[in-house]
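Walk through this model with me, one stretch at a time. Keep the sequence open beside the 3D view.

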Amino acid sequence: MAVDVAAVPSMVAVKSTTGAIPPRRLSKEELVGTHKKHLETQNNSPHAPRPVKQPIMSEAYPASIKSIRELEIIPLSELRAETHHRGKGIIVRAASPPFVGAGAVSVVEDAFGNADKLAIYNQADSSILSGVPEGCVVAVKEPYYKQNGSEDDFMICVDHPSDVILLRFTDSIIPEPLRLGPLLKTAEEWKNAADQAFIEKDFPTAVFCYTEALEASEDDASKPPVHTKRAGVNLILGRYDAAKADALASRTSAPQDWKAYFTAGRAAYGLCDYAESNKLLTTALELNPTNASIQKEHARCKARLHEEETGEYDFAAMLASITPHSVHQDRGSFLRNTRVGESAHHGRGLFAARDIKAGELVFVEKATLMPNQYDPGRASAALYALMVRQLCDNPSLAASVLTLYGGECERTGGEGTIVDGAPVVDVFLVEGIRTKNCFSAPRSTLEDTRPSLPDGLQARGLWVHASLLNHSCVANTMRSFVGDMLISRATRDIQAGEELFQQYVPVKPLADVRGKLFEEGWGFSCGCALCAGERASPAAKLARRKELLDAVEKLCNKQIPGRELIPDAKIRSVDKLARQLEEAHEAAVYDGIPRLALIYPCHWLLAAHRGRKNHGKVVKYSMKVLRNFGFRVPDESEVWDPRDIFTGSGNATLMTVHVVASLRRLAESYKALGHEEMAARSIEAAEFGYMLVTGFKNDLTTLDK
Ligand SMILES: C[S@@+](CC[C@H](N)C(=O)[O-])C[C@H]1O[C@@H](n2cnc3c(N)ncnc32)[C@H](O)[C@@H]1O
């Protein structure tokens, strides 16, 4: 089932019945009656988009880490309202087809003749439980029972996908009255049913039936072909861990084992484990050296290993390959310039594994998870849904994803472990990790710098390596995107062993506004050279800077002039405010750090003088803009080398596309003033800066298009 996502509002309403067994609940007939009406609506619009129920963190509760076999099985009649039944479980049979919306809602019955409603959320569409078939028996671990509207209307609400398990028909835990007995008897019958489901493209059912075939099989010799088939279906479903395990289980020590190694190699490739994939494909090739499919996959894998090793990418070709339907790049991640270590600022951080020169690649990382969803109303929910799905489908992901910082979210320590055959996935932890670690990414940063392309649409993604970077407003790395590839370059020379930082979000000019953003969004107080430096400035000075910046913004309408002629009087007014603002930056505090509040007025003056072809003034204000970003430039336009600003400005510079734009204006005016050499140097510096911003060498004229 396609998951088309949008956030779903919470329906929680804590009622007076909290903790009590409800005196009355809807009867089975009432439940079925209402359910049928819902099903009729569903049947009228079978392809309606399926929303995602994104967790509400204030309602967080941990996923069960117990096996159903450790829990006390209770009847539905013992469920208490608004209660998490710790230490308890229920076993129920679906007595209706599901109503499929944000979750799958079914009428269920237990072995004691009770009926109730069961709502299962957050199941991947690769799981049968995303649409609980009528007649199947499920166990719900440590269920939560909630009021659902009217006084007698309740439902069992399962948020964590691992809190519900589909029981095999032969499972001895199923109480007698719920037992149907196996629908099919022999392994052969199950295999045939699986083959049929496969033909009908019902892959989750095919996996279920192949699993039953393996369980029903009485001789080991008949199992390898079933493993081979289940491996193939798991590969289609993107369940790469299971596909690899099945493929390896299908080996028989015969030359035909090349198929097993080939499938296992493709599964390892799907997990982006190219070293493992290479090993498996090499073995496949040794067993079947002339097979063209293996040769092709092997060559592809080698190309990924080459990228991982060298950091050599054809970024322009990658960009050209992007279409609205395809943003994912088949590339390896180049991470060897960096290492993970303990940060003095917070938890883990990334460090330079060698000296890295300004402009060099720090790392290039393929997204661990990034849905092709750029709709602002859906991008976050899509990433959340993908994270949950992948953690269910590929338990090996837990090692990198679930160890990421999750904010205040409580952990039991059991997250990611396999219980009752499935990984424990706590949706609140997943959401906590998403909010603290995800990045927004345009389809391409280069395209995003075009003034004529103002859509500003961004997907949300998770890059597990990049998310280990701590924040600094004056970061020594800068990220850009080509599809789902994150490119990180050094904004200045970095020595081996130095901690690497990135800006989490564009930095706000006023220290208090900026600080609040970090505190509220990520729970930290920034200690970078800029923030620490500005803390030494008294509140009265900050208030003065705010007042003056407000005045300039109001006077100029927060716009930047184009080529139009701005009246002298207005230029003089802005100039006066800019000088006062400059005076409100104490020399002792701001020596060697950016003066962000001055960037807008200087940028405005640069543009206003450009409109009047006042080239000397354009040079002056371009240099001021650079200075205010923290770059070391002389006060006056003497002979100097703009190409040195990235390496000779200390460790407190701030890099954005506006630096590039100012360098271009500088070049233009130097040229108009006849300083050809200075113009050429400025252009070289602008090109270098544009490479930092966009991730690779690009033509500056894109900024005019
Ligand atoms: C994506 S994580 C960064 C990696 C993190 N240090 C870890 O151990 O996984 C984001 C969290 O790191 C912390 N953090 C990031 N930059 C920081 C800084 N400059 N100072 C203090 N804490 C910081 C904040 O708690 C933030 O919510």
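V482 stands opposite M485, a residue of strand β20. The model is predicted, so read each placement here as computed. V482 belongs to strand β19, residues 477-482. Its partner β20 covers residues 485-490, and the two strands run antiparallel, joined by 6 bridges. Together β19 and β20 make a hairpin, with 2 residues between them. G483 sits in that turn and has a positive phi of about 60°.

T477, R479 and F481 point one way. M478, S480 and V482 point the other way. Both sets are buried. A residue counts as buried when 20 or more other C-beta atoms lie within 10 Å of its own. Because 6 of the 6 residues of β19 pass, the strand is largely enclosed by the rest of the structure.

Next, the open sheet. Its 4 strands come in the order β11-β12-β21-β18, with mixed pairing. β11 (338-342) and β18 stand at the edges with a single partner strand each, so one side of each has no neighbour in the sheet. β18 runs parallel to β21 (residues 499-502), and 2 bridges join them. Within this pair, H471 stands opposite Q502 of β21.

Which residues come nearest to the ligand? Of the 20 around it, they are H346, G347, N470, W522 and F524. By type, the shell divides into 6 nonpolar, 12 polar and 2 charged residues.

Note on methods: Residues numbered from 1 in each chain as written. Predicted model: local features only at pLDDT ≥ 70, side-chain atom pairs only at ≥ 80, totals over all residues. Buried ≥ 20, exposed ≤ 12 C-beta atoms within 10 Å, placed from the backbone. Pairing = 2+ DSSP bridges. Near = placed C-beta within 6 Å. Nonpolar A, V, L, I, M, F, W, Y, C, P; charged D, E, K, R; others polar.
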